[in-house]
Amino acid sequence: MATSKHATRPMSGDLFTERNFWAQFFQDLKKVKERLIILSPFVAVRRSSALMNYFQSMRDRGIEIKIITRPINQQTGKMAEQAEIVIEQLRRMGCKVLEKRSMHQKVAIIDTAIFWEGSLNILSHQDSGEQMRRFEGKNSVEEIIKDLELEEDIPVGAQTEEKCPGSTLSPNCKGYLVVRTKYNRKFYGCSNYPRCDYTRSFDGSPRRRKR
Ligand SMILES: [Zn+2]
């Protein structure tokens, strides 16, 4: 196969364990030019505070930071309290935090240059035995962004900060509105579904429901 000197470096896919992941990851963070995206199902203060300084200095340089994690009500027990604090802190810093129900991917994407993927929760890591693979190259980054639907502003499953106003089934619902889809149309539903069946279309009108 002919090789071109303009060809991008092939995907390396080097495997890292938690023992050498952080050193390399922090190296990568120093090189961010435009955008950092992190997908971490859980967030916890302890790990995140180590990253906060990096995030703050990136925000000072005008770098876009997008974080996708599970909604607070899906982060259990003590974790949930921590998650609330961290998410609040990140938002105040100007990071875009998207709460996506049941998300499970552990990924970090640095510009269009590098991405990490594996089993380590970057924003809450504390277990042992986790692994991450590091890939380089514009094509592979563009591919994973497409795969994970990261270009969409309001992807299906995203939980908003808007509280559910309640429904007949659950008048005092304490849920949040979540983006759902049916027949390829997006609408807002309640995070407590099926206990609460509140829905609303994107333009504000109630969805027609079968009687
Ligand atoms: Zn509800």
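Within the chain of this predicted model, confidence is lowest in α2, at a mean pLDDT of 83, and highest in β5, at 97. The chain as a whole has a mean pLDDT of 85, with 89% of its residues at 70 or more. Over residues 1-10 the pLDDT stays under 50, and for this stretch the model has five contacts beyond four places in sequence.

The secondary structure of the chain consists of four helices and 11 strands. Of the 211 residues in the chain, 31% are buried. Among contacts with a separation of 6 or more, 64% are between residues 24 or more positions apart. N20 belongs to helix α1, and N20 counts as exposed because it has 12 C-beta neighbours inside 10 Å.

In soluble globular proteins, nonpolar side chains tend to be buried together. The largest nonpolar core of the model has 35 residues, of which I38, V43, A108, I109 and F115 touch the most other members. At least two residues of this core come from each of the helices α1 (18-30), α2 (45-60) and α3 (78-92), and from each of the strands β2 (35-39), β3 (64-69), β5 (107-110), β6 (114-118) and β7 (131-136). Another core lies apart from it and has nine residues, including C173, Y176, L177 and V178.

Two parallel pairings involve β3. Strands β2 and β3 run parallel and are joined by five bridges; L36 has I65 in β3 as its bridge partner. Strand β4 (residues 96-100) is also parallel to β3, with four bridges joining the two, and in this pairing K66 stands opposite K96 of β4.

Helix α3 has 15 residues, and its first and last C-alpha atoms are 22 Å apart, close to the 21 Å expected at 1.5 Å a residue. The buried residues of α3 include Q82, A83, V86, I87 and L90. These residues are on the same side of α3, because they cover an arc of only 130 degrees around the axis. An α-helix has 3.6 residues a turn, so residues three or four places apart point the same way. E88 and R92 are exposed on the other side of α3. Just after the helix, G94 has a positive phi of about 100 degrees.

Antiparallel pairing is found around β10. Strand β9 (residues 176-182) pairs with β10 in the antiparallel sense over six bridges, and R180 stands opposite F187 of β10. On pairing with strand β11 (residues 199-201), β10 is again antiparallel, with three bridges; here F187 stands opposite S201 of β11. Y188 is located in β10, which covers residues 185-190. Y188 counts as buried because it has 20 C-beta neighbours inside 10 Å, the cut-off for a buried residue being 20 or more. Leaving aside residues up to four places away in sequence, Y188 touches L177, V178, V179, T199 and R200. Among these, L177 and V178 are also members of the nine-residue core. Y188 and T160 are 28 residues apart in sequence, and their C-alpha atoms are 9.1 Å apart.

Some backbone angles in the loops call for comment. Most residues other than glycine have a negative phi, and most peptide bonds are trans. Y183 has a positive phi near 45 degrees and is not a glycine. This residue lies in the loop between β9 and β10, in a hairpin with two residues between the strands. Y183 is exposed, because 4 other C-beta atoms lie within 10 Å. E149, likewise not a glycine, has a positive phi of about 55 degrees and is found in the loop between α4 (138-147) and β8 (158-163). E149 is exposed, because 11 other C-beta atoms lie within 10 Å. The peptide bond from Y193 to P194 is cis, with omega near 5 degrees, and P194 lies in the loop between β10 and β11.

Terms used
Residues are numbered from 1 along each chain as its sequence is written. This is a predicted model: local features need pLDDT of at least 70, side-chain atom pairs count only at pLDDT 80 or more; totals for chains, interfaces and linings use all residues. Two residues are in contact if their C-beta atoms, placed from the backbone, lie within 7 Å. A nonpolar core is a set of buried Ala, Val, Leu, Ile, Met, Phe, Trp, Tyr and Cys residues joined through C-beta atoms within 7 Å. pLDDT is the predictor's confidence in each residue, from 0 to 100. The expected span of a helix is 1.5 Å times one less than its number of residues. The arc is that of the directions from the helix axis to the C-beta atoms. Two strands pair if DSSP finds at least two bridges between them.
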